[in-house]
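Okay, thanks for coming, everyone. I'd like to walk you through one model today, so let me put it on the screen.

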Amino acid sequence: MSTRSEEPLDIGRIRDEFPILERDVGDGQRVVYLDNAATSQTPDRVVDAMSDYYRETNANVHRGIHHLSQEASLAYENAHDRLAEFVGASGGREEMVFTKNTTEGLNLVAYGWGLRELEPGDEVVLTEMEHHSSLVTWQQIAKRTGADLTFIGVDEAGRLNMDHARELIGPNTEMVSVAHVSNTLGTINPIAELADLAHAEDSFIFADGAQAVPHHSVDVEELDVDFYAFSGHKMCGPTGIGGLYGKKELLAAMEPFMYGGGMVRKVEFDRTTWADVPEKFEAGTPPIAEGIALAEAADYLDDVGLDRIERHERELVEYAMGRLEEFDDIEIYGPPADERAGLVSFNLDGVHAHDLASIMNDHAVAIRPGDHCTQPLHDVLGTAASARASFYLYNTKDEVDELIAAIDEARELFA
């Protein structure tokens with residue numbers, strides 16, 4: 001007998017939870033949403049969680065003793081614990097800070113740790129496939145501190161060159177910052193191995209989990225990362241909310257990089273002491289409704305089953321790449337289908353990615369053209385832009401066929 005984890009997803013039932021997928025976007029065409037690496041859609045129950053908060057609980061947290069404030073505070077604090085559990089952090093809210101998104105999580109560590117700890121001669125090791133959120137942030141911190149940036153290369157198959165990684169991570173390395181999953185190539189990087197290399201040199205590792213947390217189970221303690229960031233809007237949650245995991249002792253020792261109400265313990269005219277984590281890093285009124293809804297999104301993904309979601313996406317990307325590989329005028333970037341997450345970036349000969357996406361839009365197929373916030377990686381790939389189709393739990397093989405049909409239309413138009 002099959003266990004539940006081995007059962008396929010009930011796509012019809014799942015799609016019923018996302019009414020936007022039935023939206024008519026013109027001329028009777030239903031949207032084919034293949035831009036999930038940018039932002040996923042949101043199920044009704046997550047939208048309801050936000051609505052319920054505003055209708056029944058709406059009050060500020062940690063500032064009042066009345067019933068609504070206490071209720072909101074408890075729900076918001078519990079949401080931290082839930083997201084810590086979701087990524088395998090046993091320290092609960094003491095290891096989970098709510099941020100606006102992955103980008104803010106990166107900046108929080110770069111400013112709170114890097115600006116204070118880095119100095120000339122220190123090295124921050126990145127990869128050639130880093131999102132601008134990581135690359136630009138560490139680049140600017142390096143300019144301020146005098147630290148050096150080095151980049152682990154990407155081989156012709158779109159994999160990280162681990163021999164190069166072992167050469168670069170050395171005695172001067174203070175931080176290794178790497179995408180868990182490339183948002184352009186779909187490459188799944190060996191985070192645990194990189195963590196071992198970093199820790200062997202007494203350095204830290206930061207993993208950008210924006211493209212990983214929504215799609216497969218993540219255990220930060222098993223990976224042994226020091227910091228791990230992710231965004232709610234890519235995992236069926238609201239925009240404006242994300243999470244930063246940090247090992248308890250590291251977050252406790254770090255300085256905040258944003259100041260104001262709610263993050264202080266005692267304020268005097270000449271000095272201030274900070275509140276405990278996570279409040280220390282959450283100045284001002286936090287995203288209360290979004291945090292509560294993000295916890296609901298974590299519940300939703302667990303209820304569906306992340307192992308089943310991952311398997312479904314793997315089937316879709318294998319099918320999509322198989323269809324794309326039927327044509328010799330399409331170039332696909334990244335590793336083989338069985339080694340990547342559920343996205344594929346490609347180019348059609350003679351058609352710019354933006355033109356291709358425009359034609360796709362005429363057929364109600366939503367993809368993303370451009371450099372995907374990875375301009376240096378596209379320089380390595382030898383192209384200014386690519387077209388990216390990215391899949392999630394509610395997508396189907398029929399939608400992949402619609403993608404291929406739209407590509408055929410573009411090919412004919414530009415012939």
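**Backbone, helix contacts and rings**

Let's begin with His62, which sits in the loop between α2 and α3. A quick word on naming: helices (H or I, at least four residues) and strands (E, at least two) are DSSP runs, numbered from the N terminus. And the ground rules: this is a predicted model, where local features need pLDDT of at least 70, side-chain atom pairs count only at pLDDT 80 or more, and totals for chains, interfaces and linings use all residues. Residues are numbered from 1 along each chain as its sequence is written, and side-chain values use heavy atoms, with hydrogens and water left out.

So what does the phi of His62 look like? It is near 60°, a positive value in a residue other than glycine. Remember that most residues other than glycine have a negative phi, and most peptide bonds are trans. His62 is partly exposed, with a relative accessible area of 38%; here buried means under 20% relative accessible area, exposed means over 50%, and partly exposed is in between (1.4 Å probe, protein chains only).

Ala364 also has a positive phi, about 65°, and is not a glycine either. You'll find Ala364 in the loop between α12 (353-362) and β13 (365-366). Is Ala364 buried or exposed? Buried, at 4% relative accessibility.

One more backbone item: the peptide bond from Val277 to Pro278 is cis, with omega near 10°. Pro278 is in the loop between β10 (272-274) and α10.

Now, helix packing. Two packed helices are described by the angle between their axes and the distance between the axes. For us, axes are lines fitted to C-alpha atoms, for helices over the stretch in contact, and angles run from 0 to 180 degrees between N-to-C directions.

Take α3 (residues 67-86) and α10 (residues 288-304): they pack at about 35°, axes 9 Å apart. Their crossing is left-handed, meaning that the near helix is turned anticlockwise from the far one by less than a right angle; clockwise would be right-handed. Who meets whom? On the α3 side we have Ala75, Tyr76, Ala79, Arg82, Leu83 and Phe86, and on the α10 side a list including Ile288, Ile292, Ala295 and Leu301. Contact means heavy atoms within 4.5 Å. By class, the α3 and α10 contact residues come to eleven nonpolar, one polar and three charged. The classes are these: Ala, Val, Leu, Ile, Met, Phe, Trp, Tyr, Cys and Pro count as nonpolar, Asp, Glu, Lys and Arg as charged, and the others, Gly among them, as polar.

Staying around there, look at Tyr53 in helix α2 (residues 44-56). Tyr53 is buried, with a relative accessible area of 5%. Leaving aside neighbours within four places in sequence, Tyr53 touches Asn58, Ala59, Ala72, Ile288, Ala289 and Ile292.

Next, α10 against α11: the axes come within 5 Å and cross at roughly 70°. That makes α10 roughly perpendicular to α11; under 35 degrees counts as roughly parallel, over 145 as roughly antiparallel, 65 to 115 as roughly perpendicular and the rest as oblique. Leu301, Asp302 and Val304 of α10 make this contact with Leu306, Arg308 and Ile309 of α11.

Then α11 (residues 306-324) goes on to pack with α14 (residues 397-413), at about 25° and with axes 10 Å apart. That makes α11 roughly parallel to α14. The crossing is right-handed.

Last topic, the rings. How many aromatic pairs does a search of the whole structure find? Ten, where rings of Phe, Tyr and Trp (its six-membered ring) pair if their centres lie within 6.5 Å, and planes under 30 degrees apart count as stacked, over 60 as edge-to-face and the rest as tilted. Tyr111 and Phe257 are a stacked pair, 5.8 Å centre to centre with 25° between the planes. Tyr111 lies in helix α4 (residues 102-117) and Phe257 in the loop between α9 (248-253) and β9 (264-267), so the pair ties together parts that are 146 residues apart in sequence. Tyr392 and Tyr394, on the other hand, are edge-to-face, at 5.7 Å centre to centre and 75° between the planes.
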